[in-house]
Amino acid sequence: MTGAENKGTALITGASSGLGETFAFELAAAGHDLVLVARRRERLQAIADSLAARHSIKVTVISADLSESHAPVDVMAELGAKGIHIDYLINNAGIAGPDFIEERDWTVQRSYFELMMISYAAFCHAVIPAMLERGWGRIINVSSMAARIPRAGDCNYGPVKAYLIALSESLHATYRHRGVHITALCPGFTHTEFHEANGLTTMKNATPAFIWYGAEVVVREGLRAVERGRPVYASGRLYRWVDPFLQSVWLRPLFRINWRGGTTH
Ligand SMILES: NC(=O)c1ccc[n+]([C@@H]2O[C@H](COP(=O)([O-])OP(=O)(O)OC[C@H]3O[C@@H](n4cnc5c(N)ncnc54)[C@H](OP(=O)(O)O)[C@@H]3O)[C@@H](O)[C@H]2O)c1
């Protein structure tokens, strides 16, 4: 951004662990004030206290369940009341989610869409106009390599992540010339709490180590990608190499494999 002393404020969803927490470390070290959002307030507060002390930045903690439809609007209202505007948005909160057909309760499906798509769209919708007025803004929507693979399986995680790529590409094409960059970041397998939290530890243990990346690699590459104006970015050399094959109209049918029980998130 502008001066070294004024880097603007970054809003990070899902900041209580994994990629979100790592984004918080990196953006704090770069001098940004932070707004940390997730459900676990104590974890957010511990991260906030440590980063505020280490980097002399302001950190605001907001506990919110983003699977609730009013949550993004409530978060933005709280920030408005505190006079905080957002220059940098990291839409990142996420879970593995229910099987689209086998989970018969539509309210469960709907909550999943609120968290995985609508909260992302709502924060983009809220912050972009003011970014355009200021002529500067950065948004990373954390998608996944799973969005690139038309695989049989739970029929939910890949599709919601694919929406984030479509949304990011469209927003980026519309606003990049006005100083606002939007990137869909597509990590492959990444060491975070995700697999343990979503009952996928057995799958994690059954996969080879070389397909796993550290959260720091994913986050640093994501921050570089949005700065360089990349609308979609596969993080990790392996996944960048594989991605063009996944997109090939000739090869996509090969990936329509039923991986139930061995799902890639
Ligand atoms: N790890 C991977 O291999 C991988 C690969 C590709 C993409 N991703 C994506 O990366 C993103 C971050 O995941 P991660 O790997 O860092 O996993 P993680 O360590 O489990 O972190 C998930 C974050 O999302 C938050 N969250 C979950 N449900 C929420 C809700 N209802 N409301 C608000 N916050 C919620 C969690 O906080 P609370 O529990 O405190 O609410 C936590 O901070 C996700 O979107 C995931 O799909 C991960």
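Visitor: Before we start, what counts as a polar contact here?
Guide: A polar contact is a pair of N or O atoms within 3.5 Å, and please keep in mind that the model we are looking at is predicted.

Visitor: OK, so how far is G94 from the ligand?
Guide: A backbone N or O atom of G94 lies 3.3 Å from one of the ligand's oxygen atoms, so with the limit at 3.5 Å the pair counts as a polar contact.

Visitor: And what about G14 and S16?
Guide: For G14, a polar backbone atom is 3.0 Å from an oxygen atom of the ligand, whereas for S16 an N or O atom in the side chain is 2.8 Å from a ligand oxygen.

Visitor: How much of the ligand's accessible area does the protein cover?
Guide: On its own the ligand has 880 Å² of accessible area, and the protein covers 97% of that.

Visitor: Who's around it, then, and which residues are closest?
Guide: The ligand is surrounded by 33 residues, with R39, R40, N92, Y157 and T192 the closest; by class, this shell has 14 nonpolar, 14 polar and five charged residues.

Visitor: Switching topic, where does the ligand sit?
Guide: The ligand sits in the largest pocket, whose volume is about 780 Å³.

Visitor: What lines that pocket, and which residues lie nearest its centre?
Guide: The lining of the largest pocket is made up of 36 residues, and N92, A93, G94, I95 and F194 lie nearest the centre; the elements that give two or more residues to this lining are α1, α4, α5 and α6.

Visitor: How does the lining divide by class?
Guide: The lining of the largest pocket divides into 14 nonpolar, 17 polar and five charged residues.

Note on methods:
Residues are numbered from 1 along each chain as its sequence is written. This is a predicted model: local features need pLDDT of at least 70, side-chain atom pairs count only at pLDDT 80 or more; totals for chains, interfaces and linings use all residues. Side-chain values use heavy atoms; hydrogens and water are left out. A residue is near a molecule or strand if one of its heavy atoms lies within 4 Å of it. A polar contact is a pair of N or O atoms within 3.5 Å; within protein, one must be able to donate a hydrogen and the other to accept it, and residues adjacent in sequence count only if both atoms are side-chain atoms. Accessible areas come from the Shrake-Rupley method with a 1.4 Å probe; for residues, only the protein chains shown count as cover. On a 1 Å grid over the protein atoms alone, a cavity is a set of points where a 1.4 Å probe fits but cannot get out, and a pocket is an open set with protein on both sides within 12 Å along at least five of seven lines; lining residues have an atom within 4 Å of a point. A molecule sits in a cavity or pocket if more than half of its atoms lie within 2 Å of its grid points. Ala, Val, Leu, Ile, Met, Phe, Trp, Tyr, Cys and Pro count as nonpolar, Asp, Glu, Lys and Arg as charged, and the others, Gly among them, as polar. Grid points are joined across faces, edges and corners, and a volume is the space filled by probe spheres set on the points. Helices (H or I, at least four residues) and strands (E, at least two) are DSSP runs, numbered from the N terminus.
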